[in-house]
Amino acid sequence: MDSRLFIQNLKKPQNFHDLFEKKQDLILDLGSGMGEFVIELAQSQPQFNYICVEKRMPRARAIVQRYEKRNLTNIIVIQTRFEWLIPHCFFNNHFHTIYLNFPDPWLKAKYSSKRSMTPQFLDYLSAALIPNGNFHFATDVDEYAEFGLNLLEDHPKFKNMLGEKIISKTPPEIQKTLFYYHAQKDNIDSNFIHFQKVK
Ligand SMILES: C[S@@+](CC[C@H](N)C(=O)[O-])C[C@H]1O[C@@H](n2cnc3c(N)ncnc32)[C@H](O)[C@@H]1O
């Protein structure tokens, strides 16, 4: 498999550890955009390996260009829709941390069923995370944050690391992503949610 960029129909569970030179804990970034966030993370926390999932080819290519320029060997990009990948391709107990930063909020009621955050999506994520693995969700849409928070609070496999019903308006320093800055420029507060998988 091409470890720099692969576009594929992965249909069975993969051992993603095998794709990296060094065996290290895995971090998954869903909807990576052009990779600004994950590149910074991979540089500041080289003790992890990173998998980006981005559906748009030009953005996936931009991530590859960025990490090749920096000679980073701890990032891989998968160009696909994460909802196609996650149910079929992930081993259980595989990821240390999963990020879903500023996903499309699908604000209009008639499109709300397209939102990524669903009870089934959280079932898949909890299965893919190691025990005590982290799930970080960020959005600049308050209603989506509340919606996600309620789904997570109701899920038996997750606990809120910020305290019951708590959403932070202050990003962890490392989680200031491109879309966080876009929202900030428009004077819109963002919401940061951190849950852990319970054993
Ligand atoms: C609003 S941007 C956020 C980018 C980045 N996470 C950030 O916070 O700056 C959402 C990104 O997710 C990608 N995306 C949306 N739905 C996706 C899906 N189902 N699978 C993979 N990528 C997706 C979009 O192409 C876009 O690059």
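Mentor: Strand β5, residues 95-101, is mostly covered, with six of its seven residues buried. A residue is called buried here if 20 or more other C-beta atoms lie within 10 Å of its own, exposed if 12 or fewer do, and partly exposed in between, the C-beta atoms being placed from the backbone. Helices (H or I, at least four residues) and strands (E, at least two) are DSSP runs, numbered from the N terminus.

The model is predicted: local features need pLDDT of at least 70, side-chain atom pairs count only at pLDDT 80 or more, and totals for chains, interfaces and linings use all residues. Residues are numbered from 1 along each chain as its sequence is written.

The pairing of β5 can be followed on two strands. With β2, residues 25-30, β5 pairs in the parallel sense over four bridges; two strands are said to pair if DSSP finds at least two bridges between them. In this pairing I27 stands opposite T97 of β5. With β6, residues 129-139, β5 also runs parallel, and six bridges join the two strands. Here I98 has F135 in β6 as its bridge partner. A crossover is right-handed if, with the strands pointing away from the viewer, the path from the first strand over the helix to the second runs clockwise.

From β2 the description passes to β3. β2 and β3 pair in the parallel sense over six bridges, and D29 has C52 in β3 as its bridge partner. β3 is mostly covered, six of its seven residues being buried. Five bridges join β3 to β4, residues 75-79, and these strands run parallel; in β4, I78 is the bridge partner of V53. Helix α2, residues 57-69, forms a right-handed β-α-β unit together with β3 and β4.

This part belongs to a protein with six helices and eight strands. From the N terminus on, the order of the elements is β-β-α-β-α-β-α-β-α-β-α-β-α-β. Of the 199 residues, 35% count as buried. Among contacts between residues at least 6 apart in sequence, 74% join residues at least 24 apart, a contact being a pair of residues whose C-beta atoms, placed from the backbone, lie within 7 Å. The C-alpha trace spans about 40 × 40 × 35 Å along its principal axes. The radius of gyration of the protein is 16 Å, which agrees with the value near 16 Å that a compact globule of 199 residues would have; the radius is taken over C-alpha atoms, and the globule rule is 2.2 Å times the number of residues to the power 0.38.

The ligand has 19 residues around it, of which G31, G33, K55, N101 and T177 come nearest. A residue is near a molecule or strand if its C-beta atom, placed from the backbone, lies within 6 Å of it. The elements that give two or more residues to this shell are β3 (48-54), α3 (82-89) and α6 (178-185). By class, the shell has seven nonpolar, five polar and seven charged residues. In this grouping Ala, Val, Leu, Ile, Met, Phe, Trp, Tyr, Cys and Pro count as nonpolar, Asp, Glu, Lys and Arg as charged, and the others, Gly among them, as polar.

Some loop residues complete the picture. Most residues other than glycine have a negative phi. N93, in the loop between α3 and β5, has a positive phi near 55°. N93 counts as exposed because it has 12 C-beta neighbours inside 10 Å. K165 has a positive phi near 65° and is found in the loop between β7 (158-160) and α6. With 10 other C-beta atoms within 10 Å, K165 is exposed. L162 also has its place in the loop between β7 and α6, but L162 counts as partly exposed, with 13 C-beta neighbours inside 10 Å. Not counting residues up to four places away in sequence, L162 touches S168 and H194. The C-alpha atoms of L162 and F195 are separated by 7.7 Å, although the two residues are 33 residues apart along the chain.

Conventions: Contact = placed C-beta atoms within 7 Å.
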